[in-house]
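Trainee: Hi! Could we go through this model together?
Mentor: Happy to, let's have a look.
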Amino acid sequence: MNAEIISVGTELVLGQVVNTNVPLLAKTLAKLDIAAPYQVTIKDERQQIEDAIEAAWRRADLIFVCGGLGPTADDVTLKSTAAALNTSLTTDQKHWQWIKQVFKRRQIKLLNENIQQARYLTGGQPLANPAGLALGSWYSTDGRVVVVLPGPPAEFKAMLEKSVEPRLVATFGSGQRIASRTMNFLGRPESTLMEEIGEATKKFSQVTVTSYVQPSRIQVRLTVPDLSASEAERVLGATADAILKVDRQYFFGFGDNCSLVNQVVSLLKKQGKTITGAESLTGGMFQSTICSVPGASNVFNGGFVTYAASAKEKLLGIASEIINQHGVVSAETAQAMAENSREKLDADFGLAFTGVAGPDALEGQVAGTVWLGLAVRGQQTQTKLLHLPEYSGRQEIRNLSVQYGLQMIYQQLRE
């Protein structure tokens, strides 16, 4: 069977917003052996929406209309979809009462237009929104199904996983499911990584191996066609083991949503360890990243942002002789920052960042030159020099510095 994805949003057409919903939906459909050969993007215009649905009706069994379910004047998706299907809209009174309660609790003025978010296609079923206000719609007629979903990525993802995918499995599941496993790596060029993985997986001819470069990692996806659950698990497990034999030092976890910071905080909690940070070029980004994980207060009490050399001396007590002799962008300064921060807060780990985010050079060092320091209670302090690509820009250099710092901790905790 075929599906078609219609993304509604003038901001998408103009390139002002990146559409992350389509890849997520297409991947979900692929798992269920449902193809989505047509994927179109249109403006928030009633006639365009009606025309797109009519075109999809001629070539798809399953039609997704995504975006434009808010309460504002340009949110015309639901009305336009109803017109294209020759139906009307129904207000879910229970959901409308819930919306009223939300606005009252948040002390926000409720507008009459907000009732749009409690409506769905008459003759269909409302789809619950676990992460927002607007209902979705599941509408079936003449052997076809039309699914209407909101555009905000957090709402879209939650509704797809909780409200839509179970219905898709029950309604369209062929019994053939594509099994996959995602592995996450950092610190290896994609070409080198995939060459090594290709050699390691030669004997697993039924497994397709693909890579996807993201800002803070390289994701490697292993995919096998229709197999029993136990056989797919066996094949994917054996393939992953073969890969880890050659690239374990760059690997940090399985799963599409795996992140280094989650792995690090989880291991710190399990081992009852604490961490602090001393940051120069990253300006608090490492500490903010740690605090983004629920439960971070169990492993992190505080840290230091010492952007200027004088702050390194005053807040961390680093001897001026170290900075004068070696410079702020040096192994010696990174080591002192890590050790002094750890000692001052009596943490098990102290992680330091000092370097050049750019675009200008500093102390004769080009942008992308970064020193990391990792002090561990009872162990000798480690330092690491990074040569990050200066062309990637200031913010990306800072982000990558944090990720490589997290990798140092992860490797220490994993040992």
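Predicted model: local features only at pLDDT ≥ 70, side-chain atom pairs only at ≥ 80, totals over all residues.
Trainee: Which residue in E7 is the bridge partner of Pro 126?
Mentor: Ser 137 in E7 is the bridge partner of Pro 126. Strands here are DSSP E runs of at least two residues and helices are H or I runs of at least four, numbered from the N terminus.
Trainee: How many bridges join E6 to E7, and do they run parallel or antiparallel?
Mentor: There are 3 bridges between E6 and E7 (residues 136–141), and the two strands run antiparallel. Two strands pair if DSSP finds at least two bridges between them.
Trainee: What does H4 touch on the sheet?
Mentor: H4 packs on the sheet and touches E1, E3, E7 and E8, and its direction makes about 165° with that of E8. Angles run from 0 to 180 degrees between N-to-C directions, with axes fitted to C-alpha atoms, for helices over the stretch in contact.
Trainee: What is the strand order in the sheet?
Mentor: The open sheet has 6 strands in the order E2-E1-E3-E8-E7-E6, with mixed pairing. E2 (35–42) and E6 (125–127) each have a single partner strand, so one side of each lacks a neighbour in the sheet.
Trainee: New topic: is Thr 81 buried or exposed?
Mentor: Thr 81 is buried, at 0% relative accessible area (buried is under 20%, exposed over 50%, partly exposed in between, with a 1.4 Å probe and protein chains only). Thr 81 belongs to helix H4 (residues 77–84).
Trainee: What is Thr 81 in contact with?
Mentor: Beyond neighbours within four places in sequence, its contacts include Ile 49, Val 65 and Val 148, where contact means heavy atoms within 4.5 Å.

Conventions: Residues numbered from 1 in each chain as written. Heavy atoms only, no water.
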